[in-house]
Amino acid sequence: MALPLPPGLTHSEVAFLAEMEMVTVVPRQRLESIDLLSGQTPPLRPPHRAQLPLWLALLLKKQRRANIVPPPWLHPASLADIIHRETKGAGFSAPPPPPARANPHEPGRARRFADDDVTLSPPFQPSCTANAPAGYLPYHWLEVAESLLTHAGDDMAAPVGEVRSLLRDLVEVRAAKMRDSISELQGLERGMMLLTGVGSIELAESRGFVLGVVDGVRKIGASTEATRRDKEEMGDERDDEGSDDDMGI
Amino acid sequence: MSYYDIDAILTDAEKLPCTFQIDVPDLGYLDNAPTQTLRAGAKVALPLWLAEMLAVANDDQGKSFVNFDLPRALGNDVIQALKADPRAVPLRDQSAHFFGLATRMMDLLAEEQELGSVLRKTFVTRATEIALHARKVGGGGKAAGGDDGASNLGVGGAGEEFLRGLDETERKLFRKAHEGAKAAKEWMENVKKH
Amino acid sequence: MDIDDILREVDPVFHAVPQEKRDLQDLTRAWVAERCAPELLHWPADGLFERVNDNIKRQIEKVEEMTGDMDPKTNFALIVLQTELERFKYIVRSYLRARIAKIDRHTLHYLSTDELRSRLSEMELAYATRHQALLHNHYLSSFLSSFPPQMQNLNDAGGNSTMIDTPDLESAVFIRLLIDTVVEGRGVDADGEMNGKVDDIVILRWSDAKPLVDAGSAELV
């Protein structure tokens with residue numbers, strides 16, 4: 001049975017990914033370590049905090065076995081700060097800095113969260129734990145925020161209504177940016193466009209349309225591009241001849 | 001281009017104004033003169049695929065069978081109107097496959113490069129407008145299912161007029177934008193339910 | 001200095017990221033890439049899928065064993081195990097189905113050269129070959145055989161068009177840079193180059209993105 005979906009992740013696939021983000025929980029009951037496919041869970045000992053994937057944290061929360069510590073970026077002050085920056089600046093606000101850890105060989109220099117042959121990226125970077133920096137939206141910000149507000153509203157740092165209304169403002173101001181970026185798509189003449197800081201849900205919503213525009217511009221410009229390449233190639237050949245002559249001298 | 005792409009096939013069926021360069025016996029019926037010889041200089045509208053073949057083919061003196069020109073859809077009037085305001089032109093009235101046709105013509109007539117930059121600007125400007133409308137009807141959930149997407153969107157007024165004038169490429173774009181907005185809304189409602 | 005760095009110093013082969021987590025990252029990345037790329041990607045060569053499948057099988061056995069044990073204390077652990085198991089199965093299934101969809105869509109294309117065939121797993125290759133043969137026989141018996149002989153082919157490439165559909169490798173994609181790297185892209189009026197930074201998200205043509213993705217410098221998103 002072939003998958004009947006167009007290229008690109010859907011909203012529910014993206015939300016599924018977001019559930020693998022690590023979050024911080026405060027257990028209310030003891031729970032021994034569980035031997036999962038993705039590794040052993042830490043043993044839970046109240047009141048010691050532990051890091052768990054969101055899907056597991058939500059499972060514990062529903063059974064009242066744990067509370068979830070909201071990530072610092074989801075605090076109202078942090079959200080207000082981000083909204084302020086998003087409103088002032090042109091592009092999306094910067095993504096969280098790569099989790100930097102002290103490098104014993106180069107003290108003071110941040111090191112990418114990478115091992116010899118694997119580079120972790122969202123949702124496997126710890127950007128939604130209690131230690132995540134405030135003021136930065138991680139890639140899966142909207143999914144994580146929505147699911148925490150819905151299922152762990154009583155664990156939030158502020159009333160759910162207040163956080164939600166800030167989130168709504170944030171969604172709005174960023175949606176306007178996404179629309180503005182579309183008019184720049186013609187500027188994709190140089191072959192690429194940066195969209196750093198965009199969130200996964202925002203991508204899922206706009207992907208089909210944005211890629212449709214980029215592909216459309218390419219197709220309409222195909223003969224212009226081919227002509228340009230021919231000219232450049234001929235120019236190169238002429239240059240080559242020139243250099244051959246130089247060699248002859 | 002895909003072998004089985006219906007839109008590409010339909011685009012190739014669009015008519016081009018052609019001028020015969022040679023006399024062709026018994027082809028007079030193309031010019032309302034059955035059983036006669038079609039004279040050199042006769043102007044006949046031929047489908048793109050045929051015009052292309054006849055323009056490439058030569059007789060023994062190296063003369064093309066026909067010359068063709070830009071179709072009226074890409075004529076000067078239309079291009080000037082697009083330069084003035086890309087959103088004001090109902091492209092669909094020119095051709096249901098306006099951009100497909102334009103792309104094919106630029107391929108055939110390499111000298112039409114200025115046309116290319118006008119059309120790219122047109123496409124992107126109109127796409128921005130399409131995104132706006134798709135968002136407005138995002139909550140409706142009744143749009144963009146069938147092929148006559150634009151008629152019953154409940155956008156009203158100028159918006160409806162604009163959407164009616166979209167060509168096939170643009171309708172697909174509208175559908176994608178609309179589906180994205182709709183999926184986002186559904187997801188949001190779903191999170192809150194579970 | 002954190003615990004990982006201490007461990008690394010006493011044990012040089014220590015991995016800060018345990019194998020299980022690396023596999024999950026790799027599996028997830030392969031799945032997302034396959035869902036986003038316009039063409040079929042290479043079946044992972046390092047035995048990732050075989051390893052993941054073995055682990056899934058073992059976990060299923062464990063769950064079955066535990067189901068017999070009615071101790072309510074282990075009950076919650078069982079729910080957790082099953083939930084995670086379903087999540088793994090979902091990714092694997094979606095990955096395989098995304099590949100099948102691409103193979104179905106352009107079967108003749110993926111069977112046409114050795115390079116393309118080598119992207120398929122053994123099982124996929126067997127599937128594609130058999131599926132194509134069945135399809136061809138079905139077409140033959142239901143209508144192709146009544147066509148004039150010269151029109152019975154499904155893979156003519158005469159004139160300037162070929163009957164074998166291919167994926168559009170120039171389609172645009174979104175990538176995320178995993179390291180600081182130069183990104184090159186081709187455009188209509190000019191080609192560009194930029195010094196990309198880690199975590200940059202870039203829209204560009206798949207044919208321009210592919211070298212970065214293959215080198216592990218970027219991932220599809």
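User: How many residues of domain 1 of chain B are in contact with domain 2 of chain B?

Analyst: First, the ground rules. This is a predicted model, where local features need pLDDT of at least 70, side-chain atom pairs count only at pLDDT 80 or more, and totals for chains, interfaces and linings use all residues. Residues are numbered from 1 along each chain as its sequence is written, and chains are lettered from A and ligands numbered from 1 in the order in which they are written. Two residues are in contact if their C-beta atoms, placed from the backbone, lie within 7 Å. Here, seven residues of domain 1 of chain B contact seven residues of domain 2 of chain B. An automatic or database assignment sets domain bounds. For chain B it gives domain 1 as 6-68 and domain 2 as 72-193.

User: Which elements supply the side of domain 1 of chain B that touches domain 2 of chain B?

Analyst: Elements are DSSP runs, numbered from the N terminus: helices are H or I, at least four residues, and strands are E, at least two. On that side, α1 (6-12) and α2 (48-56) of chain B each supply at least two residues. The largest share, four residues, comes from α1(B).

User: What is a nonpolar core?

Analyst: In soluble globular proteins, nonpolar side chains tend to be buried together. A core is a set of buried Ala, Val, Leu, Ile, Met, Phe, Trp, Tyr and Cys residues joined through C-beta atoms within 7 Å. Buried means 20 or more other C-beta atoms within 10 Å of the residue's own, with C-beta atoms placed from the backbone. The largest core here has 118 residues. A:Ala57, B:Ala102 and C:Ile203 are among those with the most contacts inside it. Helix α6 (residues 200-220) of chain A gives the most to this core, ten residues.

User: What does A:Ala57 touch?

Analyst: Leave out residues up to four places away in sequence, and A:Ala57 touches A:Val23, A:Val25, A:Leu52, A:Ala66 and A:Ile68.

User: How many residues do chain A and chain C each bring to their contact?

Analyst: Chain A brings 47 residues and chain C brings 61. On the chain A side, α6(A) gives the most, seven residues. That side divides into 30 nonpolar, nine polar and eight charged residues. For this count, Ala, Val, Leu, Ile, Met, Phe, Trp, Tyr, Cys and Pro are nonpolar, Asp, Glu, Lys and Arg are charged, and the others, Gly among them, are polar.

User: Which strand of chain C is joined to β8(A)?

Analyst: Strands pair if DSSP finds at least two bridges between them. Three bridges join β8(A) to β4 (residues 201-205) of chain C, and the two run antiparallel. A:Leu194 stands opposite C:Val202 in β4(C).

Methods: A residue is buried if 20 or more other C-beta atoms lie within 10 Å of its own, exposed if 12 or fewer, and partly exposed in between; C-beta atoms are placed from the backbone.
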